[in-house]
Amino acid sequence: MERAVANEGRPVRESFDNIYLDLSKESGKCRFAETGLGWKPSGGGDTFTLDVTNIGGAQWSRAARGYEIKIMLRNSGIVQLDGFQQDDYERLSKFFKNWYSTNLEHKEHALRGWNWGKGEFGKAELAFNVQNRPAFEIPYSEILNTNLAGKNEVAVEFALPASGDDTGTNGALGGARAKGKKAGAGKDHLVEMRFYIPGVATKKEALEGEDAGSDAEPEEEQNAASLFYDTLMDKAEIGEVAGITFATFLDVLHLTPRGRFDIDMYENSFRLRGKTYDYKIPYDHIKKFMYLPKPDDLHIMICVGLDPPLRQGQTRYPFLVMQFKKDEEVTIDLNMTEDLMKEKYDGKLLPHYEQPIHNVVTQVFRGLTGKKVNQPAKDFMRKATRSSTQNHTNFNSHHNQVGIKCSIKASEGFLYCLEKAFMFVPKPATFIGYDEVASITFSRVGGAISASRTFDITVVLKAGQGENQFSNINREEQKPLEDFFKTKNLRVKNEMDEDNTALLAAALRDPDMQSSDEEVVAARADRGSADDDDESIDEDFHTDTESDVAEEFDSAHESSGGSDDEEGGSDAEEERPKKKTKTG
């Protein structure tokens, strides 16, 4: 397996075959020499080299493919070489001692299977020890985020690649996983781990695995979970230590996930800081950015699509939905040097902003991420304007607005028709590309009176991917929606026209409907008054307030429609006998 070469005038080298570098999919040849070490994939590709001056320490331990050498770098990184045999330890130990002036420390892992132990912060990784033996280690480079999930609980989220082929090296090193990519090496990904940490501790105890300084003054005790969280934030470079903060937006209302967060903008990522949760999101996780005016003419929503999605325990958030007041202005100077502004962001960012906050947030995100800002389709905006017959100054009107009020099951929100997709916000945020749509069906649900005011649309997806139903849409939005779908060449089926034809035919066949012309007129008048009652109550329902949470949990829309229908029907029944008496 190994080969020693010692020619006169040439340095001594040792080679080992079938060695895996940093969880690589492909094995390769690892060669050790006095000047350092190298690894090359057996199928060809780039060669990884490590200079002797960058080797800070080494450990030998049992691993997945035999035995592993873990090399701690002087710049706080880690290199893993897996696939050695047990008999190689003595020879390798001599190499590291003689060539690299480093002891190859033999590490025995804890195999008891206990889930309680002691967490120790090292220079490059967090170790979970059981009876003074490591059960597992977590490199800081693989930690994406951490949060206080409770008074005594800390959640640790791991960095994941955007896809299975994303190794960070483009396959040039045999599929070796680069920094922040190791968690995606297998088919199943570990995405989160939680630690329960009771009691109190001092900072010296938290850093016991590293040089903590023995002559330091006694420190005040604090909550152990909070201390663990703060130390991990510092070690994993989450938060302010991730770089210079270019801009900060304070107390921004988020509808998804619900709460208020401060937004810190960095060069390669942004951070959401809340009272309970704290998120660090790289810009390359942003896949979509949408600017959505709310139909109340008072607020603007900004929707950010993420892949991989944001996580809160078992809950996944593929979209962030922020809400801003339309007339709220902000003055901000970007914390950026003129050289950096001209070199990297010339024409993308301005050094000074004094505009409505929703415009500033949009421009800063667009400048730092390079993402296109999607807005509602202009075709739909024009059609909505042409079809409007009501007073445009009434912000409760369903006309002349880019968002349509509707519901997904029991959740109320707004449906936006973008240039290439549907978008429903705020919860559950739903994105449907037009190229994924097989057909769209317009239909009524319920009795004739309630159904005459609202309708549903069902979006059926291609390749049997299911369907999405948007219900309780105002009847007057049917025409602009239908016209817009035709401009996008979407297949539309209108079951509402079929229902109207069937109801008319049934009415003509009913002998009771032919008994008296006055009776028909009276019934129509009664039904019209019921519709007027529905309309007035609906206007009260649509009156927006300054509340941030009313629109998401208000259930008055469904209940008011049903009660009005019942009242309208009972009035008609009570007045019919009187009409018959007059005609008789």
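Mentor: Start with a cut-off. A residue is buried at under 20% relative accessible area and exposed at over 50%; in between, the residue is partly exposed. Keep in mind that this model is predicted.

Our part is the end of a helix. Thr369 lies in helix α5, which covers residues 357–369. Its relative accessibility is 17%, so Thr369 counts as buried. Now look at the Thr369 side chain. It reaches the backbone oxygen of Phe365 at 2.5 Å. A polar atom of the Thr369 side chain also lies 3.3 Å from the backbone nitrogen of Lys371. Trace both contacts on your screen. One goes to a backbone oxygen; the other goes to a backbone nitrogen.

Now take another helix, α8. This helix runs over residues 478–487. Its buried residues include Gln478, Leu481, Glu482 and Phe485. Pro480 and Phe484 are buried there too. Beyond the helix, look for Asn489. This residue follows α8 and has a positive phi, near 60°.

Two loop residues also have a positive phi. Ser101 has a phi near 50°, and Ser101 is not a glycine. Its loop lies between α1 (89–99) and β9 (104–106). With a relative accessible area of 67%, Ser101 is exposed. Asn132 has a phi near 65°, again in a residue other than glycine. It sits in the loop between β11 and β12 (133–139). Asn132 is exposed as well, because its relative accessible area is 76%.

While you are checking backbone angles, find the cis peptide bonds. One runs from Asp307 to Pro308, with omega near 5°. Pro308 is in strand β23, residues 299–312. Another joins Lys427 and Pro428, and its omega is about -5°. Pro428 is in a loop, between β29 (421–425) and β30 (430–433).

Side chains can reach the backbone from loops too. Lys123 sits in the loop between β10 (118–121) and β11 (125–130). Its side chain reaches the backbone oxygen of Arg74 at 3.4 Å. Compare sequence and space here. Lys123 and Ser76 are 47 residues apart in sequence, yet their C-alpha atoms are 6.2 Å apart.

Now for charges. The structure holds 13 salt bridges. Take the pair Arg91 and Glu14. Their closest N and O atoms are 3.8 Å apart. This pair links distant parts of the chain: Arg91 is in helix α1, Glu14 is in strand β2 (residues 13–21), and 77 residues separate them. Is Glu14 buried or exposed? Glu14 is buried, since its relative accessible area is 3%. Arg91 is partly exposed, at 37%.

Next, find Asp262 and Arg273. Their salt bridge has closest N and O atoms 3.6 Å apart. It also links distant parts of the chain: Asp262 is in strand β19 (residues 259–265) and Arg273 in strand β20 (residues 269–273), 11 residues apart. Asp262 counts as buried because its relative accessibility is 19%. Arg273 is partly exposed, at 23%.

Then go to Lys344 and Glu267. Their side chains meet in a salt bridge, 2.7 Å from N to O. Lys344 is in helix α4 (residues 338–344), while Glu267 is in the loop between β19 and β20, 77 residues apart. Lys344 is partly exposed, with a relative accessible area of 38%. Glu267 is partly exposed too, at 32%.

Salt bridges can also form a network. Here, Lys70, Glu125 and Glu137 are linked that way.

Finish at the surface. Asp327, Glu328, Glu329 and Glu354 gather there in a patch of negative charge. Glu329 belongs to strand β25, residues 329–333. Its relative accessibility is 57%, so Glu329 counts as exposed. Now go back to where we began. Thr369 is buried at 17%, whereas Glu329 is exposed at 57%.

Note on methods:
Residues are numbered from 1 along each chain as its sequence is written. This is a predicted model: local features need pLDDT of at least 70, side-chain atom pairs count only at pLDDT 80 or more; totals for chains, interfaces and linings use all residues. Side-chain values use heavy atoms; hydrogens and water are left out. Patches are made of residues with over 30% relative accessible area and no salt bridge: like charges are joined within 9 Å, nonpolar side chains (Val, Leu, Ile, Met, Phe, Trp, Tyr) within 5 Å. Accessible areas come from the Shrake-Rupley method with a 1.4 Å probe; for residues, only the protein chains shown count as cover. A salt bridge is a side-chain nitrogen of Lys or Arg within 4 Å of a carboxyl oxygen of Asp or Glu. Lys and Arg count as positive and Asp and Glu as negative; His and the chain ends are not counted. The place of a charge is taken as NZ of Lys, CZ of Arg, CG of Asp or CD of Glu. Helices (H or I, at least four residues) and strands (E, at least two) are DSSP runs, numbered from the N terminus. Buried means under 20% relative accessible area, exposed over 50%, partly exposed in between (1.4 Å probe, protein chains only). A polar contact is a pair of N or O atoms within 3.5 Å; within protein, one must be able to donate a hydrogen and the other to accept it, and residues adjacent in sequence count only if both atoms are side-chain atoms.
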